[in-house]
Amino acid sequence: MINAPPTDDHVIVEAQVRDYGFSPAQQDEIWRRWREGQSFSLIGRALGAPMQNARRFLHQSGGVRLSPQQRSERHLSGSEREEISRGIAAGESARQLAKRLGRSPSTVSREIARNGGRDRYRAASADEAAYARAGADPSRPSSPNDRICAP
């Protein structure tokens, strides 16, 4: 086994969340009916949709409703990043921005440095980069089922 290729024990797969053409109100209705124990056929009929779409919609999450991703209060929000961007444009120091936001000066300083510095800081790209560093996609909900490990 000297020349054997290395093996990985786990493969990480990102779960894809599809709406199968259901509006948010219809999705709520699907979950309500599913909790009540209705069959896929009854759910599909009530919504005027194919039974298979209701089944596939529920199956993709293992029958457990996914909750939207929640940011920790410790992390900067999009509006705080907008404030940082506006403050930089107005010539404020990191310390002044931090005081106004109620954050540590080092938090604001690191945020500016890791996202291009004072000359290139943009709130939207900084927010996207923060999600990317966290391993999340801001365009979709997340849940504990997002990363599925397969042997």
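Of the 151 residues in the protein chain, 28% are buried, where buried means under 20% relative accessible area, exposed over 50%, and partly exposed in between, with a 1.4 Å probe and protein chains only. The model is predicted, with local features requiring pLDDT of at least 70 and side-chain atom pairs counting only at pLDDT 80 or more, while totals for chains, interfaces and linings use all residues. Residues are numbered from 1 along each chain as its sequence is written, and side-chain values use heavy atoms, with hydrogens and water left out.

**Overall organisation**

The protein chain contains 8 helices and 2 strands; these are DSSP runs, with helices (H or I) of at least four residues and strands (E) of at least two, numbered from the N terminus. Read from the N terminus, the order of elements is β-α-α-α-α-α-α-α-α-β. Among contacts with a separation of 6 or more, 60% link residues 24 or more positions apart, a contact being heavy atoms within 4.5 Å. The accessible surface is about 10,300 Å², and carbon and sulfur atoms contribute 52% of it; such areas come from the Shrake-Rupley method with a 1.4 Å probe.

**Helices H5 and H6**

Helix H5 (residues 94-101) and helix H6 (residues 105-114) have axes that come within 8 Å and cross at roughly 120°. Axes are lines fitted to C-alpha atoms, for helices over the stretch in contact, and angles run from 0 to 180 degrees between N-to-C directions. On the H5 side, Ala94, Arg95, Leu97, Ala98 and Leu101 meet Pro105, Val108, Ser109 and Ile112 of H6.

Asp127 belongs to helix H8 (residues 123-134). Because its relative accessibility is 19%, Asp127 counts as buried. Leaving aside residues up to four places away in sequence, Asp127 touches Arg71, Gly78 and Arg81.

Gln38 is found in the loop between helix H1 (24-36) and helix H2 (40-47). With residues up to four places away in sequence set aside, Gln38 touches Arg33 and Ile43.

Both residues take part in side-chain polar contacts, listed below. A polar contact is a pair of N or O atoms within 3.5 Å; within protein, one must be able to donate a hydrogen and the other to accept it, and residues adjacent in sequence count only if both atoms are side-chain atoms.

| Side chain | Partner side chain | Polar contact |
|---|---|---|
| Asp127 | Arg81 | 2.9 Å |
| Gln38 | Arg33 | 2.9 Å |
| Gln38 | Glu36 | 3.4 Å |
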